[in-house]
Amino acid sequence: MANEEGRTIQDRLRKLPSVDELLKHPQIQETLQHVPRKIVVESLRETLESVRHRLLSPSDGPSAEPPSPDLVVQQSLVLCAKKNAFTLQPVVNATGIVVHTNLGRSLLAEEAIQRLQMVCRSYSNLEYDLSRGRRGSRYVHAEAILREITGAEAALVVNNNAAAVFLVLNTLAKEREVIVSRGQLVEIGGSFRIPDVMAASGAILREVGCTNRTHLHDYENAIGERTRLLMKVHCSNYRLIGFTAEVPLEDLVCLARRRNLLVAEDLGSGSLVDVSPLGLPREPTAQEAVRAGVDVVTFSGDKLLGGPQAGIILGRQELIAQCKKNPLTRALRVDKMTLAALEATLRLYRDEPTAWRRIPTLEMIARPLETLKEAAHRLAQGIRDLNGGAHQWDVHVLESTSQVGGGALPERNLPTFVVAVASPRWSAARLEERLRAHNPPIIGRIESDRFLMDVRTLQKGDDEIILHAFAALAA
Ligand SMILES: *Cc1c(COP(=O)(O)O)cnc(C)c1O
């Protein structure tokens, strides 16, 4: 009995097509035009393996018929597409969070993308001094424009702001004390914690004040033999409200001058323009920090600045020179793509209205409410009109708020319009999951069992992608 059963299973297994046979299938032949053979063969092999496994499994083995070659091919193609997909891919950001660290932070200005391509397509004077015909320094490239825009004596660009803070502390305060207010010992996320970074850099943290209030005399009383630096950290992602006190930067600078110490500021986002005319809370700009007399300022290149990932260090000539000489700088150095994109982005700041228009991060933050409203209604109507207007979706335009993100301006404080979609067929969670699985994925948020898409962060062409995704879901 068992033997007979075994024989019929063997017969069925024998009926399965071989990889070689399947490779001749027209759809596989077509796929081989654009997918490497190795991936196609692997997919066929794995699909056949799982079919065999199923036929042999006692649960449905005896009665299961072997799938047709067509079916095996279809299954392999799904697997093949998965294997051949890029892991890093574009997504539609419908979250309304402009500087979304998980979604790649800032989009680059077209000008920056062009320079980036140019420097990749041709050789460049990255480390070549053209006037002298000999080896030069890569650090000169972004430095000139940074000095011009911020008024700083000198500048250095490293891999990101975490690296910038680390390098500054390691160079200027290794084995020396750095005084920081308890209210500014922040965790930025992604395991960047000021106390940890400080410990890793070799600087010794000296906390002063209380969580909510720190006074100038707290700093003053903490100054001792080993003190080297007074540090101010921008509380990027949280805000102290209520009974609070912070020492103004100018006062810290005065104190440091009197006691022959240095002042460093980690600005975090470090905007180069004032965002308060948009109704946002006042953010200190990098220029203001320089003007206040801070010895060293650090900030990110891809937050409010709207450039590539980078950490920018501005400061006094001799201090920046010390940072450049630190052997760690070699480990934190930026590549030519970063420098090309950063220089092009910074040049747009020579004319502020141009910066607001051309830098996507700034443009999205400044998008007029009226434009957002129109965009939301257009998208909502598009979804309603799908499938000949057969009301598949319950679509509304709602007032809501967007976030700047990237740790800048933590409250939801940019008024916006969102398209809210509910479905009688699917829960919001299921809808969210399906849209996230779309190609390209659409990332929104759920509120009151509705899927919300904030139009502020949508780019040209995203409407079509969203409509296509909803049409496919309805089908
Ligand atoms: C974001 C941030 C950092 C880290 O900057 P990265 O460019 O992400 O490395 C450090 N400090 C503050 C205050 C920040 O907001």
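**Packing and backbone in a predicted model**

Reader: Leaving aside its neighbours within four places in sequence, with which residues is Leu 116 in contact?
Author: Leu 116 belongs to helix α6, residues 110–121, where helices (H or I, at least four residues) and strands (E, at least two) are DSSP runs numbered from the N terminus. Contact here means heavy atoms within 4.5 Å. With neighbours within four places in sequence set aside, the contacts of Leu 116 are Leu 108, Met 337, Ala 340 and Ala 341.

Reader: What kind of model is this, and which pLDDT do side-chain atom pairs need?
Author: Residues are numbered from 1 along each chain as its sequence is written, and side-chain values use heavy atoms, with hydrogens and water left out. The model is predicted: totals for chains, interfaces and linings use all residues, local features need pLDDT of at least 70, and side-chain atom pairs count only at pLDDT 80 or more.

Reader: Is Leu 116 buried, partly exposed or exposed?
Author: Buried means under 20% relative accessible area, exposed over 50%, and partly exposed in between (1.4 Å probe, protein chains only). The relative accessible area of Leu 116 is 21%, so the residue is partly exposed.

Reader: Which residues of α7 meet α15, and at what angle do the axes cross?
Author: In α7, the residues His 141, Ala 142, Ile 145, Leu 146 and Ile 149 meet Leu 339, Leu 342, Glu 343, Leu 346 and Arg 347 of α15. By class, this contact has 7 nonpolar, 1 polar and 2 charged residues; Ala, Val, Leu, Ile, Met, Phe, Trp, Tyr, Cys and Pro count as nonpolar, Asp, Glu, Lys and Arg as charged, and the others, Gly among them, as polar. Axes are lines fitted to C-alpha atoms over the stretch in contact, with angles from 0 to 180 degrees between N-to-C directions. The axes of α7 (residues 140–150) and α15 (residues 336–348) come within 9 Å and cross at roughly 20 degrees.

Reader: Where is Thr 95, and how far in space is its C-alpha from that of Ser 402?
Author: Thr 95 is found in the loop between β1 (92–93) and β2 (97–99), and it counts as buried because its relative accessibility is 7%. Apart from neighbours within four places in sequence, its contacts include Ile 443, Arg 445 and Asp 454. Although Thr 95 and Ser 402 are 307 residues apart in sequence, their C-alpha atoms are separated in space by 7.8 Å.

Reader: Which peptide bond is cis?
Author: Most peptide bonds are trans. In the loop between α19 and β16 (442–443) lies Pro 440. The bond that is cis, with omega near 0 degrees, runs from Asn 439 to Pro 440.

Reader: What is the phi of Asn 260, and what is that of Asp 449?
Author: Most residues other than glycine have a negative phi. Asn 260 lies in the loop between α11 (249–258) and β11 (262–268) and counts as exposed at 70% relative accessibility. Asp 449, in the loop between β17 (445–447) and β18 (450–454), counts as exposed at 52%. Neither is a glycine, yet phi is positive, about 60 degrees for Asn 260 and, for Asp 449, about 55 degrees.
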